[in-house]
Amino acid sequence: SDIPQPSLDNSILIKRVYDVLSNAFEPSTNLIVLLRRLEAFLFSMTTKLYPNYPNPCNPGTWIPFRLMDQTEVKITIHDVFGRKVRLLELGSLPEGRYTVEGRAAYWNGCNDAGERIASGVYFYTLIAGGYAITRRLVVLR
């Protein structure tokens with residue numbers, strides 16, 4: 001009872017790592033190559049926020065991201081003083097890549113009241129489960 005049990009998420013990750021290693025390992029594969037493959041796999045399993053495009057944007061922009069697990073996703077746009085300009089509530093999304101138009105989050109350059117925002121530097125924050133990261137974007141009118 002004192003031995004911690006892996007969570008379901010850890011069990012899934014361990015199985016995926018095992019699958020990658022068992023499929024990637026060949027007798028001629030050296031340890032460095034194997035570790036690089038594992039590193040690439042683990043990096044691909046993380047939640048990530050990418051730079052928006054186009055940047056600078058006018059009037060709207062796509063905000064691409066990747067999710068490691070199914071989770072509730074929100075993106076907050078705020079100004080340089082930290083004031084919220086817009087909240088994009090994307091709801092519960094499955095794990096995967098949201099990096100192309102139509103799948104990435106879209107912000108039309110308007111605030112929560114529907115008014116077009118002024119030119120300047122803004123920031124966007126992805127909140128996905130326990131993960132939060134912020135990036136900068138520029139709006140030119």
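These questions and answers concern a predicted model.

Reader: What pLDDT does the chain average?
Author: The model is predicted, and confidence is given per residue. Of the residues, 75% score at least 70. The chain average is a pLDDT of 84.

Reader: Which residue is the bridge partner of His 78 in E5?
Author: Strand E4 covers residues 71–79 and strand E5 covers residues 84–93. The two pair in the antiparallel sense over 8 bridges. In E5, His 78 has as its bridge partner Lys 84.

Reader: Which residue in the hairpin of E4 and E5 takes a positive phi?
Author: The hairpin has 4 residues between the strands. The positive phi there is near 85°, and the residue that takes it is Gly 82.

Reader: Is Phe 81 buried or exposed?
Author: Phe 81 lies in the loop between E4 and E5. With Val 80 and Val 121, Phe 81 makes a nonpolar surface patch of about 300 Å². The relative accessible area of Phe 81 is 65%, and the cut-off is over 50%, so Phe 81 is exposed.

Reader: Which strands stand at the edges of the open sheet of 3 strands?
Author: The sheet has the order E1-E3-E6, with antiparallel pairing. Each edge strand has a single partner strand, so one side of each is left without a neighbour in the sheet. The edge strands are E1 (48–49) and E6 (96–98).

Conventions
Residues numbered from 1 in each chain as written. Predicted model: local features only at pLDDT ≥ 70, side-chain atom pairs only at ≥ 80, totals over all residues. Heavy atoms only, no water. Pairing = 2+ DSSP bridges. pLDDT = per-residue confidence, 0-100. Patch = residues over 30% accessible without salt bridge, like charges linked within 9 Å, V, L, I, M, F, W, Y side chains within 5 Å. Areas by Shrake-Rupley, 256 points an atom, 1.4 Å probe, with all protein chains shown as cover. Salt bridge = Lys/Arg side-chain N within 4 Å of Asp/Glu carboxyl O. Buried < 20%, exposed > 50% of the residue type's maximum accessible area, 1.4 Å probe, protein only.
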